[in-house]
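Thanks for coming, everyone. I have one structure to walk through today. Please bring it up on your screens.

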Amino acid sequence: MCPVTDLNALEKNVPILSVEHLKKNFGEHEVLRDITFDVPQGDVVSIIGSSGSGKSTLLRCINFLEAPTDGRILFRGKNAETEWTRAQYHSKVGMVFQSFNLFNNMSVLKNCMIGQMTVLKRSKEESQKKAEQLLATVGMSSFIGASPAQLSGGQRQRVAIARALCMDPEVLLFDEP
């Protein structure tokens with residue numbers, strides 16, 4: 001008899017994110033050299049290093065905002081570059097940027113809705129409801145009509161966190177939280 005395989009148990013043993021032999025060069029300057037690690041589901045990992053050591057570059061490579069020079073990134077055991085479309089991958093792996101990258105020509109609310117509507121194809125109503133819920137969670141409900149330029153740095157960071165969470169990511173990368 002062939003034993004029944006518990007697929008859920010197998011998935012639990014596969015790291016949600018794996019980085020294998022990642023390298024990144026800018027010309028002759030090697031920024032990342034043979035970086036390898038796994039992130040099990042539910043773990044929180046912190047990358048600590050001195051200024052200029054490649055922390056932001058690593059996160060940007062994981063999120064494919066920079067093309068790695070060599071190596072692989074696996075999401076749920078599948079090659080993130082070849083087995084997921086970029087939109088699929090970005091809908092699963094979110095990022096809160098060091099400079100927040102909010103759209104200054106949009107309100108706080110619209111900043112939290114635009115990705116949902118364009119990437120996840122959510123309706124305007126569903127996107128607004130989700131954005132309002134998450135802005136309330138981070139204490140920014142009273143600022144939904146404000147532009148990012150009207151906010152303090154801490155307030156912009158909370159909006160950026162809400163915006164990332166609106167995408168229902170399975171992995172969330174923070175650059176200098």
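Let me start with a definition: buried means under 20% relative accessible area, exposed means over 50%, and partly exposed is in between, with a 1.4 Å probe and protein chains only. A word on the source: this is a predicted model, where local features need pLDDT of at least 70, side-chain atom pairs count only at pLDDT 80 or more, and totals for chains, interfaces and linings use all residues. Residues are numbered from 1 along each chain as its sequence is written, and side-chain values use heavy atoms, with hydrogens and water left out. Helices (H or I, at least four residues) and strands (E, at least two) are DSSP runs, numbered from the N terminus.

First stop, helix H2. What covers them? Just after H2, phenylalanine 64 takes a positive phi of about 60°. Keep that residue in mind.

Now the core. By nonpolar core I mean a set of buried Ala, Val, Leu, Ile, Met, Phe, Trp, Tyr and Cys residues joined through side-chain atoms within 4.5 Å. The largest one has 22 residues, and Leu17 and Tyr89 have the most contacts inside it. E1, E2, H2, E3, E5 and E6 each supply at least two of its residues. Which element gives the largest share? H2 does, with 4 residues. As background, in soluble globular proteins nonpolar side chains tend to be buried together.

Look at leucine 17. Contact here means heavy atoms within 4.5 Å. Setting aside neighbours within four places in sequence, leucine 17 is in contact with Phe37, Asp38, Val39, Ile62, Ile73, Leu74, Tyr89 and Val171. Apart from this core lies another, of 19 residues, among them Val108, Leu134, Leu151 and Ala164.

On to the sheet. Two strands pair if DSSP finds at least two bridges between them. The sheet is open, with 4 strands in the order E2-E1-E3-E4 and antiparallel pairing. E2 and strand E4 (78–79) are the edges; each has a single partner strand, so one side of each is left without a neighbour in the sheet. E1 and E2 pair in the antiparallel sense over 7 bridges. Leucine 17 has valine 39 in E2 as its bridge partner. Lysine 24 stands opposite leucine 32 in E2. E1 and E2 form a hairpin with 2 residues between them, and glycine 27 in the turn has a positive phi of about 65°.

Next, the aromatics. Rings of Phe, Tyr and Trp (its six-membered ring) pair if their centres lie within 6.5 Å; planes under 30 degrees apart count as stacked, over 60 as edge-to-face, and the rest as tilted. The structure holds 3 aromatic pairs. Take phenylalanine 75 and tryptophan 84: their ring centres are 5.2 Å apart and their planes at 70°, so the pair is edge-to-face. Phenylalanine 75 is buried at 0% relative accessible area, and tryptophan 84 is buried at 16%. Phenylalanine 75 also pairs with tyrosine 89, with centres 6.1 Å apart and planes at 90°, so that pair is edge-to-face too. This one links distant parts of the chain: phenylalanine 75 is in strand E3, tyrosine 89 in helix H3, 14 residues apart. Ring pairs join Phe64, Phe75, Trp84 and Tyr89 into a cluster.

A charge sits over a ring if NZ of Lys or CZ of Arg is within 6 Å of the ring centre and within 35 degrees of the ring normal. Arginine 86 lies over the face of phenylalanine 64, at 4.3 Å from the ring centre. The charged end of lysine 24 sits over the ring of phenylalanine 26, 4.8 Å from its centre.

Last stop, glutamine 116. Buried or exposed? Glutamine 116 is buried, with a relative accessible area of 0%. Its place is in helix H4 (residues 108–118). Beyond its neighbours within four places in sequence, glutamine 116 is in contact with residues including Lys121, Arg122, Glu126 and Cys166.

That's my tour. Questions are welcome.
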